Amino acid sequence: MGQFFKGVAEFTKDPKMQALNDSQKVLFNAPTIVYLTLQKGLTQFSILDLGALEMSILLAAKSHGVDSLVAYECVKYPDVLRKFLKVPENENIVIGIALGYEDDNCINKFRSEKLSLDEACHFFN
Ligand SMILES: Cc1cc2nc3c(=O)[nH]c(=O)nc-3n(C[C@H](O)[C@H](O)[C@H](O)COP(=O)(O)O)c2cc1C
């Protein structure tokens, strides 16, 4: 087995990775999932509007004490969703937002590293 595949094998044995995989399979046990769709044929800038809506939903949820997880996993099978949620053919299913209350599963302890303000923003006078 090459070094790369050894690395992948080790990585997937990590209990946190297994917990994440298990959790993804059941869509994070979220009681509610919000699906965001975008009409086909709009300009590419419309994705900005959808992103703003997404952020508003996340903030509104948080303000009500509801936790959220934006996940590709929720929209991995768009054909199935389209059928069961009756999403019209002229709309793309872009992303899903899992909503619920965080439990003590180790995946909920994960915090992504963020760039510092100086790294992320350049200010010009
Ligand atoms: C577009 C997008 C898709 C994502 N899809 C998944 C996913 O399918 N599964 C997952 O565990 N996390 C996914 N994430 C990551 C989580 O939503 C979240 O960003 C991560 O848990 C870190 O959270 P934090 O950045 O608020 O710390 C996705 C994030 C984005 C922006």
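Just after helix α4 (78–85), K86 takes a positive phi of about 55°. Helices (H or I, at least four residues) and strands (E, at least two) are DSSP runs, numbered from the N terminus. The model is predicted: local features need pLDDT of at least 70, side-chain atom pairs count only at pLDDT 80 or more, and totals for chains, interfaces and linings use all residues. Residue numbers start from 1 along each chain as its sequence is written.

Helix α4 lies largely in the open, because zero of its eight residues are buried. A residue is buried if 20 or more other C-beta atoms lie within 10 Å of its own, exposed if 12 or fewer, and partly exposed in between, with C-beta atoms placed from the backbone. F84 belongs to α4. This residue, F84, counts as exposed, with 8 C-beta neighbours inside 10 Å. The C-alpha atoms of F84 and E113 lie 37 Å apart, and the two residues are 29 apart in sequence.

Three strands form an open sheet in the order β1-β3-β2, with antiparallel pairing. β1 (32–39) and β2 (67–71) are the edge strands; each has a single partner strand, so one side of each lacks a neighbour in the sheet. Neighbouring strands are turned by 25° against each other on average, direction ignored. Pairing requires at least two bridges found by DSSP between two strands. Eight bridges join β1 to β3 (residues 91–100) in the antiparallel sense. Within this pair, V34 stands opposite I97, and the bridge partner of I33 is A98. β2 and β3 also run antiparallel, joined by five bridges. Here D67 stands opposite G100.

Helix α3 (residues 46–63) lies across β1, β2 and β3 and runs at about 160° to β1. Axes are lines fitted to C-alpha atoms, for helices over the stretch in contact, and angles run from 0 to 180 degrees between N-to-C directions.

The largest nonpolar core has five residues: F28, A30, L69, C74 and A98. Such a core is a set of buried Ala, Val, Leu, Ile, Met, Phe, Trp, Tyr and Cys residues joined through C-beta atoms within 7 Å. In soluble globular proteins, nonpolar side chains tend to be buried together. A30 touches A98, L99 and G100, not counting residues up to four places away in sequence. Contact here means C-beta atoms, placed from the backbone, within 7 Å.

With 10 C-beta neighbours inside 10 Å, Y72 counts as exposed. Its C-alpha atom is separated by 8.3 Å from that of V94, 22 residues apart along the chain.

Conventions
Contact = placed C-beta atoms within 7 Å.
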